[in-house]
Amino acid sequence: MEQSDTIDRLQEKASDLERLERHLGREQVQSIVERSKALEQAERAKKRPKRAFEMSR
């Protein structure tokens with residue numbers, strides 16, 4: 001049952017992405033996703049504890 005719910009949610013997300021691509025264009029959606037990933041990565045990097053050798057610089 002849980003796996004079926006997960007599949008349904010993923011299919012709905014895929015449909016949502018297709019709707020966005022139809023209305024905004026694939027390139028714009030891809031650009032938004034890439035920027036979002038970069039921001040998330042930068043936030044994770046900021047939260048990581050500094051290493052001793054990085055702090056001494």
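Does Arg19 count as buried, partly exposed or exposed, and at what relative accessibility? Before selecting this residue, please note that the model is predicted, that local features need pLDDT of at least 70 and side-chain atom pairs pLDDT 80 or more, while totals for chains, interfaces and linings use all residues. Residues are numbered from 1 along each chain as its sequence is written, and side-chain values use heavy atoms, with hydrogens and water left out.

**Selection 1: Arg19.** Arg19 has 38% relative accessibility and therefore counts as partly exposed; buried means under 20% relative accessible area, exposed over 50%, and partly exposed in between (1.4 Å probe, protein chains only). Display Asp16 as well: its side chain and that of Arg19 are joined by a polar contact of 2.7 Å. A polar contact is a pair of N or O atoms within 3.5 Å; within protein, one must be able to donate a hydrogen and the other to accept it, and residues adjacent in sequence count only if both atoms are side-chain atoms.

The protein chain contains 3 helices and 0 strands, in the order α-α-α along the sequence. Helices (H or I, at least four residues) and strands (E, at least two) are DSSP runs, numbered from the N terminus. Of its 57 residues, 4% count as buried.

H1 has 23 residues and spans 33 Å from first to last C-alpha, close to the expected 33 Å, which is 1.5 Å times one less than the number of residues. Gly25 follows H1 and has a positive phi, near 100°.

Helix H1 (residues 2–24) packs against helix H2 (residues 26–47) at about 120°, with axes 6 Å apart. Axes are lines fitted to C-alpha atoms, for helices over the stretch in contact, and angles run from 0 to 180 degrees between N-to-C directions. H1 is therefore oblique to H2: angles under 35 degrees count as roughly parallel, over 145 as roughly antiparallel, 65 to 115 as roughly perpendicular and the rest as oblique. Colour Leu17, Leu20, Glu21 and Leu24 of H1, then Arg26, Gln28 and Val29 of H2, to see the contact (heavy atoms within 4.5 Å).

Glu21, in helix H1, has 17% relative accessibility and so counts as buried. Its side chain makes a polar contact of 3.5 Å with the side chain of Arg26. Leaving aside neighbours within four places in sequence, Glu21 is in contact with Arg26 and Val29.
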